[in-house]
Amino acid sequence: MIEFQNTSKSYDGIKAVDGLSLTIARGEFVVLIGPSGSGKTTALQLINRLLDHDSGRILFEGKEIYSFNVRDLRRRMGYAIQSVGLFPHWTVERNIATVPQLLGWERSRIDQRVTELLTLFAMDPAIFRTRYPHQLSGGQQQRVGVARALAADPAVLLMDEPFGALDPVTRAALQLEMKRVHEGSGKTIVLVTHDIDEALLLASKVVVLDRGRVVQVGSPLELLSKPANDFVADFIGRADRGIKLLSLRAVEPYVSSAPAAPDAPSIAITATVREAVSCMAAAGVAVLGVRNSDGRVVGSVQAADLVLPARHG
Amino acid sequence: MRDGNDVGFNPVLALINVLGLGAAMALPLLRVAPNRLVSGDPVYLAELLQTSLGDLFPGGWVVFMVAAMAAAIFGSTRRWVHWGVVGIAAAWMATLVWLAGYHASAIALTESPLARTALGAGFWTLIALSWLLCLDAVDRLQIGFLSRMVLLASVVVPMAIVVGRGYGDELSIMKEYANRSDVFASAVLRHLQIVATAIVPTVLVGLPLAWAAYRHARVRSLLFPFLNLVQTIPSIALFGLFMAPLAWMAASYPVLGRAGIRGVGLAPAVLALFLYSLLPVVRSAVAGLQQVPGAVKTAARGMGMGAVTIFWRVEVPLALPVLLLGLRAAVVQTIGLAAVTALVGAGGLGSLMFEGLFSGANELVLLGVVPIVVLAVLADGVFKALSAVLKGPAA
Amino acid sequence: MAESAEDRASRIPRVLRDRLVWAVALLLFLALWLPHSQGWFAALFPELDRPVYRQEPFIDLLWQHVWLVLVSSTFSVVVGIAAGVAVTRPAGRAFRPLVEAIVSMGQTFPPIAVLAVAVPVVGFGELPALIALALYGLLPVVQSTIAGLESVPKPVNESAQAMGMTPAQVLWGVQMPLALPLWVAGIRTSVIINIGTAAIASTVGAKTLGSPIIVGLSGFNTAYVIQGALLVGLLAVTTDMAFERLARWVAWQR
């Protein structure tokens, strides 16, 4: 859907993006990650032409982005940034309605969409529609920012460190909501972050950048199990690489029907192995009960099994 | 669309030159009149260049400057081009003054002694445009603040030399100055006296007031609305409103009259000017004290400094830059307002100006206005330099 | 049951409790009554044989003064805002340092200087006053227009662009509403200064509320001076109150 072909962009003689070649397919959740100065924000801004590339090509749906009218291009892409940039003089409703109004939607359709989006982000429309940005908390502002980006139902959503300024609790909650939105809508999402845990949680494809060049592209599992070089390995974190791998595995294949002790703590069957290990370490036990969605204990997992590759599946 | 790169074309320079060309052709550089009563016949730059010392010298000079400007317009990426523009602008200003003075001298030799050669709109416009050329070039040089001030000051030097050597003596403004040189000097001194007599009490009274306002919100809530009200009232109205009470006071207490406090003259002027300059000074002093970071004061307390020491060693130095801004505004404002005080009999450069206005003598008006503007710009520059020095190497 | 003070107060219609309305009423009242205040001023200043300014009716002078300020300020506002917007657009950016330098340099010139210099160029009367007021009034407006546009937070500008608004839509829909409070502050400064300068404009032949003051000063008639000063002072204060009201109305932060 979006393709970089040997794209470069320079500022003041420094190449922020250097011969970048990358394909982003429809429906993927691509996370661009790298240290400061790696060109990830620049690359993102090249997609919606907030910046213009100097050489190479960038294709959107098969056509070079320079052949589109820049305004039309931007209205087909959602854009959410860390500092949100909500329009302070407009209500939440008017903020979200920005692009639909630019596109000329009828009033009723816009109203419906605003209600839909506020509900999606667990904000009561009746209360929040008429609030102003300065009356919202940081987390609420960012939710409205993302809702605004999604308002016109764009095919692509571009996000630049959207959760960086939030406290850890809100950040975690919003990350999960983003994951849900992606799974529910099948949109193509390109997100820039420097937080490797965020990348591993959200991405279907991770792109590691360094000094404007791609260092490795792959799924979170590929990156963790087969880092291309020392740079990637260091960036991911050598010391807890294994622990991070555990977060990619579900507990279910390890559940045995042998019962745990009656007073043993339990975890949901949908939990990750990392959560299971963390629970065991916190409780000081080596066996946990496993609950299914009804809350009934259906089996157990053992600490010794969890660090090995799954036996079934 | 590519992002704009520095291509070297300087649209500002191009515009100024086009305007300059237009001004030189459309506006008269000089006006020559046979006597004071008639407004003069216009003399344009082109004529001046032809009739002055030989066709070649000024003609060649102009061609050179046009070529240089063209180079500057299209070659604006190089630093030496900007230095060149500054140099050419300075030389051009001096040349203009010289040309005007030369023509005036020629007229003085051939016409009657009553003949007047006045500087026309074209002259002032070209000088102003040359100054703008300098400002633009100096800005592009991207040098430090103090260096910038020194460079701009030195641009005036060639012009000052031409005037100082007497080349401009036959111009009507210089003849007016010659006629009035004694009055002029005393007017300047008087003007400075008015400003000083207003500013010194402002500082002496304003700073303690500011301290009180900083500490007590009640003082603030009473003081600022009053000072704001004063600022809103037109200066001439305030001067006028003080006259009656002061006159009454002088009549009731003759001792005041002997001390110089009367309904007219310095007293109402200085009183009003004092009140006007209070607002910028007090407001900036309070703002300066308020912007001292709380963390710094806490650290100082933690180090064992007493309240008085903290005030003088920590708060005052950190508040000083903001106070300087307010003081600068107050002084510049007072220099300008002091011109109006001439109407209540306080004298100063304003009296020359108004005398000129009322008698239709344009040169006298300029003789009053130009020094006021120069004083204001100088004061502004001095305070800006002080602020820059205070900021230190960060400037 | 006895009425509380608030109940009594709320029975008076809002318009009568408004300070601005009282100020305007006082101004108009004074302008109309002063010509008839002979007795008053004669008592205060027994040594004057003409205690009340009679050359023009005060209401005419008031109108002249307001007209002068209104016309010149309209020019200053329109041209000033246009210039401020122009130099903050990509096309005009090259001119911005120069415009800012001119504006800040111009404000070190006293307004009286601009007035005095206009006379040799266009002669006496209302024209030099109009020109001087319009030019001098430009400076605070341009300065505050630029400041207002700069005060729009960068993320807001970035978002507006990224959402596909045209530059015109960004300017009108986002930047101008957010810049408006600073713009109003600049216009307020410009108008108040112009009211003061228009008072002195009577020295260049314009008939304004400054005329009684100037005539009174040169003729040692303190009564004239007080009449003129009262009116022009009240005009300035009333205008400032009106702008204060406007500023509060414009502040988008509720």
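Begin by selecting chains A and C together: in this predicted model, 16 residues of chain C are in contact with 18 residues of chain A. On the chain C side of that contact, the elements that give two or more residues are helix H9 (154-162) and helix H10 (167-200) of chain C, and H9(C) supplies the largest share, six residues. If you colour this side of chain C by residue class, you will find nine nonpolar, five polar and two charged residues.

Now hide chain C and look at chain A as a whole. Its C-alpha trace spans about 65 × 50 × 30 Å along the principal axes, and the chain holds 14 helices and 13 strands. Of its 313 residues, 36% count as buried, while among the contacts between residues at least 6 apart in sequence, 62% join residues at least 24 apart.

Next, select residues 138-150 of chain A, which form helix H7. A distance between the C-alpha atoms at the two ends gives 19 Å, in agreement with the 18 Å that 13 residues should span at 1.5 Å a residue. How many of the 13 residues of H7(A) are buried? The number is 10, so that the helix is mostly covered; among them are A:Arg143 and A:Arg148, together with A:Gln141 and A:Gln142, and the run of buried residues also includes A:Val144, A:Val146 and A:Leu150.

For the last stop, select helix H13 (residues 273-283) of chain A and show the side chains of A:Val273, A:Ala276 and A:Met280, which are buried. Viewed down the axis of H13(A), the buried residues fall within an arc of 60°, and therefore they line one face of the helix. An α-helix has 3.6 residues a turn, so residues three or four places apart point the same way. The face of H13(A) turned away from the buried side carries A:Ala281 and A:Ala282, both exposed. Bring in helix H12 (241-246), strand S11 (266-268), strand S12 (287-291), strand S13 (297-302) and helix H14 (303-306) of chain A, and you have the elements against which the buried residues of H13(A) pack. Finally, step just past the end of H13(A) to A:Gly284, where phi is positive, at about 75°.

Conventions. Residues are numbered from 1 along each chain as its sequence is written. Chains are lettered from A and ligands numbered from 1 in the order in which they are written. This is a predicted model: local features need pLDDT of at least 70, side-chain atom pairs count only at pLDDT 80 or more; totals for chains, interfaces and linings use all residues. Two residues are in contact if their C-beta atoms, placed from the backbone, lie within 7 Å. Helices (H or I, at least four residues) and strands (E, at least two) are DSSP runs, numbered from the N terminus. Ala, Val, Leu, Ile, Met, Phe, Trp, Tyr, Cys and Pro count as nonpolar, Asp, Glu, Lys and Arg as charged, and the others, Gly among them, as polar. The expected span of a helix is 1.5 Å times one less than its number of residues. A residue is buried if 20 or more other C-beta atoms lie within 10 Å of its own, exposed if 12 or fewer, and partly exposed in between; C-beta atoms are placed from the backbone. The arc is that of the directions from the helix axis to the C-beta atoms.
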